[in-house]
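Q: Hi, I'm new to this one. Can you walk me through it?

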Amino acid sequence: MMKVLELKGVTKKYGGFTAVDAVSLEIEQGKVLSLLGPSGCGKTTTLRIIAGFTSPDSGSVEISGEDVGQLRPYERNVGLLFQDYALFPHMTVDQNVAYGMRYRGTPVSAVASRVKQMLSLVQLGGMENRYPNQLSGGQQQRVALARALATDPQIVLLDEPLSALDAKLRLELRIELKEILRSVGATTIVVTHDQEEALSLGDEVVVMHAGTVVQRGTPTQIYEAPASKFVAEFVGRSNWFYGARPRRSDSGMSSYLTGDGVEICARSGQEGSSADLCIRPENIELVNGSAREPVDYPGHNVLLGVVLDVAPLGADVHVVIELPGKSRLLAIRKNVGRSQALLPGEPVRAVFSMSDVLVF
Ligand SMILES: Nc1ncnc2c1ncn2[C@@H]1O[C@H](COP(=O)(O)OP(=O)(O)O)[C@@H](O)[C@H]1O
Ligand SMILES: [Mg+2]
């Protein structure tokens, strides 16, 4: 596959502070790459460097094999939706979408038909003559997307495209955004600090932390095999047992004792060293304590506890269990109806595979 964009060792410093630290990444034709990381980790700076608004102190940016280091932003064939750049308030929807094409000297008739095509793509046909303040937040973001795509850029850069919207709209527009990007085959980098957004939008996800790329992988790889404690903490919900002490190790199994005195066995881990243990809540099965004694769960941990709280959240039920020593465990189960309901105060067994214990 053709590399549309390649960053090699890109570094940007502000005074003594390194905002982007030797970032290398590449993206292939038609793929969507999510750039995920907490606020301040260098995502926007990376996009600004690609677009040409910020020049790196070292490293290079290539678009379709050409080093674009000497090109001005408008000379780079890049479509932008920037977090802090709203629509031009004094321009109509039409004029906003046409802006990039006008700037590049596209003939008037071609601009008109392209604007029409773009507005129909984002389902805003008929809104051509409105001003941004006559549109809802979601409609404004769709206009901004149409504007970013209008010049048929080689690469589309979207910086937190959904962050200004409320939760419900955010989800709707996320699905729509994904469909639009796929339908036009846009090679895209979408920046977000929202892990759910990153995992759902990207063919691949790049996780950034303090200016560096800490992991790149498919959404499944990032979630199921986080490369570090930072990634595991940042992506998805987890139960953590920090500083668990090693007890014994044999035949591919290590057991640990948590600070609260709970024994947990794992398949991985370095012999003899203490560790931080991570268990994803959906990997925990709950077995009602009053059911008949289970014979055995080979390869699994079985922790006895008491149900502390049950929160039915639509499709899922979040169950908090108190283990001996007061430590707590969150289990997320599918909401399969009343017959399997657990009640606070009931004894329960939390069962999870030793292979599902991530050790850092
Ligand atoms: N023009 C600038 N001058 C000084 N510091 C900056 C500038 N732009 C960004 N930074 C700093 O660089 C870091 C990364 O910023 P940014 O790329 O905007 O992060 P993100 O988009 O991931 O939230 C932050 O600590 C920010 O304060
Ligand atoms: Mg940012």
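Q: Let's start with C41. Is C41 buried or exposed?
A: C41 is buried. The relative accessible area of C41 is 2%. Keep in mind that this is a predicted model.

Q: And C278, buried or exposed?
A: C278 is buried too, with a relative accessible area of 0%.

Q: Okay, step back. How many helices and strands are in the chain?
A: The chain has eight helices and 20 strands.

Q: What box do the C-alpha atoms fill?
A: Roughly 75 × 45 × 35 Å, taken along the principal axes.

Q: How much of the chain is made up of buried residues?
A: Of the 360 residues in the chain, 47% are buried.

Q: What about contacts between residues at least 24 apart?
A: Take the contacts between residues at least 6 apart in sequence. Of those, 65% join residues at least 24 apart.

Q: Now helices. How do α2 and α3 pack?
A: Helix α2 covers residues 93-103 and helix α3 covers residues 108-121. They pack at an angle of about 120 degrees. Their axes are 10 Å apart.

Q: What does that angle make them?
A: The two helices, α2 and α3, are therefore oblique to each other. The crossing of α2 past α3 is right-handed.

Q: Which residues make the contact?
A: From α2, V93, D94, V97, A98, M101 and R102. From α3, V111, R114, V115, M118 and L119. By class, the contact of α2 with α3 has eight nonpolar residues, three charged and no polar ones.

Q: Which residues of α2 are buried?
A: V93, N96, V97, A98, G100 and M101 are buried in α2.

Q: What covers them?
A: The cover over the buried residues of α2 includes α3 and α4, where α4 is 137-149.

Q: You mentioned α4. How does α4 pack with α5?
A: Helix α5 is residues 167-184. The angle between α4 and α5 is about 20 degrees, and their axes are 11 Å apart. That makes α4 roughly parallel to α5. An angle under 35 degrees counts as roughly parallel.

Q: Which way does α4 cross α5, left-handed or right-handed?
A: α4 passes α5 in a right-handed crossing.

Q: Which residues make that contact?
A: α4 brings G138, Q141, R142, L145 and L149. α5 brings L169, L173, E176, L177, I180 and V184. The contact of α4 with α5 divides into seven nonpolar, two polar and two charged residues.

Q: New topic: V23. Where does V23 lie?
A: V23 lies in strand β2, residues 17-28.

Q: Is V23 buried or exposed?
A: Buried, as the relative accessible area of V23 is 1%.

Q: What is V23 in contact with?
A: Leave aside neighbours within four places in sequence. Then V23 is in contact with L7, K8, G9, V10, M208, G211, T212 and V213.

Q: And what separates V23 from G59?
A: Their C-alpha atoms are separated by 8.4 Å. Along the chain, V23 and G59 are 36 residues apart.

Methods:
Residues are numbered from 1 along each chain as its sequence is written. Chains are lettered from A and ligands numbered from 1 in the order in which they are written. This is a predicted model: local features need pLDDT of at least 70, side-chain atom pairs count only at pLDDT 80 or more; totals for chains, interfaces and linings use all residues. Side-chain values use heavy atoms; hydrogens and water are left out. Axes are lines fitted to C-alpha atoms, for helices over the stretch in contact, and angles run from 0 to 180 degrees between N-to-C directions. Helices (H or I, at least four residues) and strands (E, at least two) are DSSP runs, numbered from the N terminus. Angles under 35 degrees count as roughly parallel, over 145 as roughly antiparallel, 65 to 115 as roughly perpendicular and the rest as oblique. A crossing is left-handed if the near helix is turned anticlockwise from the far one by less than a right angle, and right-handed if clockwise. Contact means heavy atoms within 4.5 Å. Ala, Val, Leu, Ile, Met, Phe, Trp, Tyr, Cys and Pro count as nonpolar, Asp, Glu, Lys and Arg as charged, and the others, Gly among them, as polar. Buried means under 20% relative accessible area, exposed over 50%, partly exposed in between (1.4 Å probe, protein chains only).
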